[in-house]
Each structure stands twice: as C-alpha cells, then as structure tokens.
Amino acid sequence: MDVFEAIRVRRSIRKYTDQEVPWDNIVTILQAGKYSPSAGNLQNWKFITVKIDGKRSAISQACMQQEWMEQAPVHIVVIGEPKKAERFYGVRGSRLYTVQQCGAAIQTMMLTATSLGLGSCWVGAFDEYEIRRILGLPEDVNVQGIITIGYADEQPEAPPKLRLEHVMYFDKWFGRLENPKTYIGWWSVFNKRTVDETKKLAKKVHKKVKEKISKRVKKDRN
Ligand SMILES: Cc1cc2nc3c(=O)[nH]c(=O)nc-3n(C[C@H](O)[C@H](O)[C@H](O)COP(=O)(O)O)c2cc1C
C-alpha cells in the first residue's frame, strides 16, 4: 500500500476484534513514530505501549469513559518532553513544537498501522492527571495523545471531508485560481491513476489475446 492510499483509506476505528497484534507490527509502528520529523531533530517524545488489560481499562476510563478503547489490544500513549524543547526554542519549543511533532508521530504511527492492515484511532479526550497517575509519569513530561491499535471489527463509512478547493488558497488568503478543478481536484489524481491502470490492463489483455490468436492460427495451420 503506498502512502497516499494509506492516508486515503485510514479510518478512525472504535470497534476491534480480540485478535492479538503481532509484536513485530507494534515495533514497526513504534519505529515509524521514531522516524517522524521534529524541530532540530530533538525527538523529545516517548511512546508508551500498553497491553495489560487492567491498564487499558483504566486508560479508557480516564479518556472520559470511552469504553470502546478497552477492546483495542494495544494502546500507545504519546508523551511529550517539553522541557527539552524549551531549552533550545523557549516557549515556542515547549508549547508549539512539542505538540506538533508528537502529532506528526501519532499520524505516522497510525498510517503505518493502516499499511499493516490494522485499525487505529487517535484519542485526545483524556484526563491528564489520571493518565499521569496510571502511567507513573514524572512532572516534566505531558500526555500528547493516545492511539488505540488492533484489528478492525467495523468498516466505518468515510466521514465527509471538505473538497480540496475549499481548504486551499494560492499565494494569499483567499487567493484563487480561475479553474483549479482541471489540475488539483481530487479526481484529477485518481482519474490519472485510473487511466494509467486501465491502459496497463488494456495492454496486458491485448497481449494475451494476441498470443491466444496466434496460437490458434498456428494450431489451425497444422
Ligand atoms: C486531536 C484529535 C483528537 C481526537 N480525539 C478523539 C477522541 O477522544 N475520541 C474519538 O473517538 N476520536 C477522536 N479523534 C478522532 C476523530 O474523531 C476522527 O479523526 C474524525 O472524526 C475523522 O474521522 P477519520 O479519522 O475516520 O477520518 C481525535 C482526532 C484528533 C486529530
């Protein structure tokens, strides 16, 4: 699965089967998080993998009683270390960069989960104090987000997303192009891909038919 496909098909999954997630998949997901960008390559994050039933249940409760989370066999709690970023970048580092890069790591891990055939959900609604207590966090770190991971037991409909034309400008606020649809609409990407794939398929079929005909002709001659 290429990256764009993973981005397109990823859905927030809130219903999981009880199938275990292979350990090597968890490691791959954590590795992906590790490769995410961070200001000055600070990597001021920690990823806490939680598999113990009781702990996942406590986390679900601390996430405003989102009980569906309990079913997910794995939680990854993403922790930021704002002090490390503050040392280099001041308040911008602790308040902005730490949040942004942990967000980037969360998304990278979720996309990796998708590419491995796993479902995931980003959970941002939690009682920070409770999560700190459950995980025994020191004072100088904070909770940036929780990812649930497991095999999906639902296939949610894709939620409505705004059209690209509605979320993008060119060159300035409200900057528009006359007819952006002809080259940036979502369909242009997919149409191109579909046309390319259809061409490939047509070539393949053409080759096969040609082979069959020549075989038939040879057979008839003999
Ligand atoms: C910062 C953030 C916090 C979120 N918190 C929650 C949450 O607490 N519970 C939940 O069920 N989904 C949560 N979500 C998932 C969103 O609801 C979901 O991404 C959105 O509805 C779009 O659906 P999609 O992910 O399938 O595209 C969160 C997503 C983000 C980015």
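**A strand covered on both faces**

Tutor: In this predicted model, both faces of strand E2 are covered: Val74, Ile76, Val78 and Gly80 are buried on one side, and His75, Val77 and Ile79 are buried on the other.

Student: How many residues of E2 are buried?

Tutor: Seven of the seven are buried, so E2 is largely enclosed by the rest of the structure.

Student: Which strands does E2 pair with, and in what sense?

Tutor: E2 pairs with E1 in the antiparallel sense over six bridges, and seven bridges join E2 to E4, also antiparallel. Threonine 49 stands opposite isoleucine 76 in E2, while valine 77 stands opposite isoleucine 146 in E4.

Student: Turning to helix H3, which residues are buried?

Tutor: In H3, residues 53-62, they are Arg56, Ile59, Ser60 and Ala62. Seen down the helix axis, these fall within an arc of 160°, so they line one face of H3.

Student: And what covers the buried residues of H3?

Tutor: The cover includes strands E1 (45-50), E2 (74-80) and E4 (142-150), together with helix H5 (128-135). On the other side of H3, Asp53 and Gly54 are exposed.

Student: Changing topic, which residues surround the ligand?

Tutor: They are Arg11, Ser12, Arg14, Gln66, Cys121, Trp122, Val123, Gly124, Ala125 and Pro159. By class, that shell has five nonpolar, three polar and two charged residues.

Student: Finally, what is the domain assignment?

Tutor: The assignment gives domain 1 (3-150) and domain 2 (161-222). Their centres, taken over C-alpha atoms, are separated by 37 Å.

How values were computed. Residues are numbered from 1 along each chain as its sequence is written. This is a predicted model: local features need pLDDT of at least 70, side-chain atom pairs count only at pLDDT 80 or more; totals for chains, interfaces and linings use all residues. A residue is near a molecule or strand if its C-beta atom, placed from the backbone, lies within 6 Å of it. Ala, Val, Leu, Ile, Met, Phe, Trp, Tyr, Cys and Pro count as nonpolar, Asp, Glu, Lys and Arg as charged, and the others, Gly among them, as polar. Domain bounds come from an automatic or database domain assignment. A residue is buried if 20 or more other C-beta atoms lie within 10 Å of its own, exposed if 12 or fewer, and partly exposed in between; C-beta atoms are placed from the backbone. Helices (H or I, at least four residues) and strands (E, at least two) are DSSP runs, numbered from the N terminus. The arc is that of the directions from the helix axis to the C-beta atoms. Two residues are in contact if their C-beta atoms, placed from the backbone, lie within 7 Å. Two strands pair if DSSP finds at least two bridges between them.
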